Amino acid sequence: MFRRFLPQAGALLLAALSVAPASAEVKVSTVLDGLDNPSGVAIHAKTGHLFVATHPAVLRVAPGNPAKKFVEVDAFKTDIYGKGPKYEIGPLGVALLGEDHLIVGDGSLADAAELVRVFKIGATPLEKPTAADNAEFKLGPIGPGDESAKGEGNFYAIAVGPKAFYVTSNGDDTKGWILKCEIKDGKPGKLVPFIATKPLVNTDAPVAITFSPDGKQLVVGQMGEVNMASDSQLSFYNPEDGKLLKNHAAGLNDIAGLAYSPKTGKLYAVDYSWVDAKNGGLFRLDVTAEGVKAEKIVSLDKPTALVFDKEGALYITLFGTAAEGSKGPAGKLVKIAPEL
Amino acid sequence: MNGRSAVDAGNVDTQSHRPRCIHASRSAWTLGTALVVAGLVGAANLRGADAPAKLPLGLPPIPVPKDNPQTPEKIALGKQLYFDRRLSADDSVSCADCHDPKKGFSNGEQFATGVKGQKGGRNSPTVLNAAYQKFQFWDGRAATLEDQALGPIANPIEMSMTLPEMTLKVSGIGGYRKQFQKVFGVDKITPAEVAKAIASYERTILSGNSPYDHFKQGEVEAMSESARSGMKLFFGKANCGSCHAGPNFTDNAFHNIGVGMDQPNPDVGREAISKLEGDRGAFKTPTVRDIAHSGPYMHDGSMKTLAEVVEHYNKGGTPNPWLDEELFPLKLTAEEKADLVKFMEEGLTSPPTKEHDAPKLPD
């Protein structure tokens, strides 16, 4: 049986990265390199396979030594993110819907044209990748109208709850929508604007999203302006009615991903830090009634998303920076052993 | 005083253009416990040094650096310095000349005029609510009012005094010597104290208590029907609220809206500071509070009326490779454009005040 198995030319071994851990105990290992602007990562609870959104495909990664990489969904279009530096992007956010469906948030088209797609997946890699257009469910687009002046797009991240999943979106910057899609009988319903975050927190761009460990709160990382330092916000919403429960300045530049450790219940964020990539990295966020204290765990090169496996190992996607003279993609999937 | 044309044009930089240190900056400020200094800030609209204790309606507490607390004496001193033309080389230009209370704390001209009639290359941004801004100058090269205050004094085409010359001159004025001694406990005046005093006064230059603020309090009739329609457009179809957000109507960020980008050598704006190509042609989002008084508009003062401004946005800005994604054709009708202007002129204009009239200067 032919499988789209792409052995990595680069460092597939779990070699230690040249990063600057804040704690000597934290070791960061490369799972895959040579990835093209990876921006989202999800883990299949049963198989442990990782799904990684890259440009222009969604990959399935079987962790191991060496890790194996397969293309799960391909044929996404290409869009450009940023104005300098500019990045080619395709699918952005990924999440599992149960054991047999993969939700993919698009970033490959123009605002007002983008879709959230849901693909049927199996326990094993596909012989031939599914084309993006052949999704089992296509949700959206959300075009221009009263709720969104220009229409919605750049679906950065997805949080899946028992009754609905929620998608961060970046179309109308007067609203900063979190979209909602109710799930009935295991099938997604209509994708609709749900929480207009901007009027609530006066900050742009909901990007990171996850559920609190008890499932009672939607936890959202508001990235803020990419050319502003320290403007990211951490917000907590009631997923049922969308009410803002609390909001704090996070002390970070650009929160791109959020996840709770299944072992410790602690909240972690990755900060892309557009204004100064040297300040980017993995942070533990200690939330109190007074606010958020961000403790840097390790410096990382333009991190974009993170996910814990059930043992507590942490996987993080990095855009990375191409070495001088290098022409290949600089993106990576890295791992931190279960210790957070 | 706030950023003026020549300094903004980058002709001379007497300030250290150090990048903003995130953590140091945060720790230096009373974050989360920003001070409302009773008796020092506020009032019903635009109020200053002698104002009563209440913040103007619609404004949050003012952030005040720990190392420069507001005091009535310091604010009064800063006000005198702000209005004093002796801080320029030929006694011809004060902060207030380019940031005139009678002209929305701008100067009513396309560019500022410095000593010997010299012109800069950028419009004088308003000082109104500069207390809330996370960056000063159009390109944001100063993080605080204290960092900013001395720049125009030392700029040769603005006030044209070296800082040692300026402090020597100020020290030669007995009334100032006495006040600096009282306020800062110093016999020798340094630029740091001058900057702190001016910044303290600028923190009292506030715009709030507008019809919009009253409308938000439930006074529906505070704004006309046209202004209310304009408000809805401002935060909706017209997309203004994507950048002009929050109590001060600014996201404190930098955007390329295309102004001047069709010129042969466009002003690169924020890129000169951040060194990021993505910031090319990007300038700080100004507040639109009291915008009716602070024209002409844009960093280059190229638009005389708010109608011109609205038309610029309606067409989606001026195309260029770095144009912000927030700019796109709005397809506003003539009535909608008029309503938008009405909202800004009527809804965001504070009641007039004489609180910032020029003070008596010391001898």
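**Entry 1: where the chains meet**

I began with the contact between the chains: 21 residues come from chain A and 27 residues from chain B. Two residues count as in contact if their C-beta atoms, placed from the backbone, lie within 7 Å. I sorted the chain A side by class and got five nonpolar, ten polar and six charged residues. Here Ala, Val, Leu, Ile, Met, Phe, Trp, Tyr, Cys and Pro are nonpolar, Asp, Glu, Lys and Arg are charged, and the others, Gly among them, are polar.

I noted that this is a predicted model, where local features need pLDDT of at least 70, side-chain atom pairs count only at pLDDT 80 or more, and totals for chains, interfaces and linings use all residues. Residues are numbered from 1 along each chain as its sequence is written, while chains are lettered from A and ligands numbered from 1 in the order in which they are written.

**Entry 2: chain B overall**

I looked up the elements of chain B and found 14 helices and two strands. These are DSSP runs (helices H or I, at least four residues; strands E, at least two), numbered from the N terminus. Of the 363 residues in chain B, 59% are buried. Buried means that 20 or more other C-beta atoms lie within 10 Å of the residue's own; exposed means 12 or fewer, and partly exposed is in between, with C-beta atoms placed from the backbone.

**Entry 3: helix H8(B)**

Which residues of H8 (174-184) in chain B are buried? I found Tyr176(B), Gln179(B), Phe180(B) and Val183(B). They lie on the same side of H8(B), because their arc around the axis is only 100 degrees. That arc is taken from the directions from the helix axis to the C-beta atoms. On the face turned away, I noted exposed Gly174(B) and Lys178(B). The buried residues pack against H3 (72-83), H7 (163-171) and H9 (191-202) of chain B. After H8(B) comes Gly185(B), with a positive phi near 70 degrees.

**Entry 4: helix H9(B)**

I checked H9(B) next. Ten of its twelve residues are buried, so H9(B) is largely enclosed by the rest of the structure. Its cover includes H3, H4 (95-98), H5 (145-149), H7 and H8 of chain B.

How do H3(B) and H9(B) pack, and at what angle? Their axes are 7 Å apart and the angle is about 100 degrees. Axes are lines fitted to C-alpha atoms, for helices over the stretch in contact, and angles run from 0 to 180 degrees between N-to-C directions. The two helices are therefore roughly perpendicular. The cut-offs are under 35 degrees for roughly parallel, over 145 for roughly antiparallel, 65 to 115 for roughly perpendicular, and oblique for the rest. The residues of this contact divide into nine nonpolar, two polar and two charged.

I kept a rule in mind: most residues other than glycine have a negative phi, and most peptide bonds are trans. Then I listed the exceptions.

- Asn65(A) and Pro66(A) are joined by a cis peptide bond, with omega about 5 degrees. Pro66(A) sits in the loop between E4 (58-62) and E5 (68-74) of chain A.
- From Gly295(B) to Pro296(B) the peptide bond is cis, with omega near 0 degrees.
- Ala112(A) has a positive phi near 80 degrees. I counted 19 other C-beta atoms within 10 Å, so Ala112(A) is partly exposed.
- Phe249(B) is not a glycine, yet its phi is positive, about 55 degrees. Phe249(B) counts as buried because it has 22 C-beta neighbours inside 10 Å.
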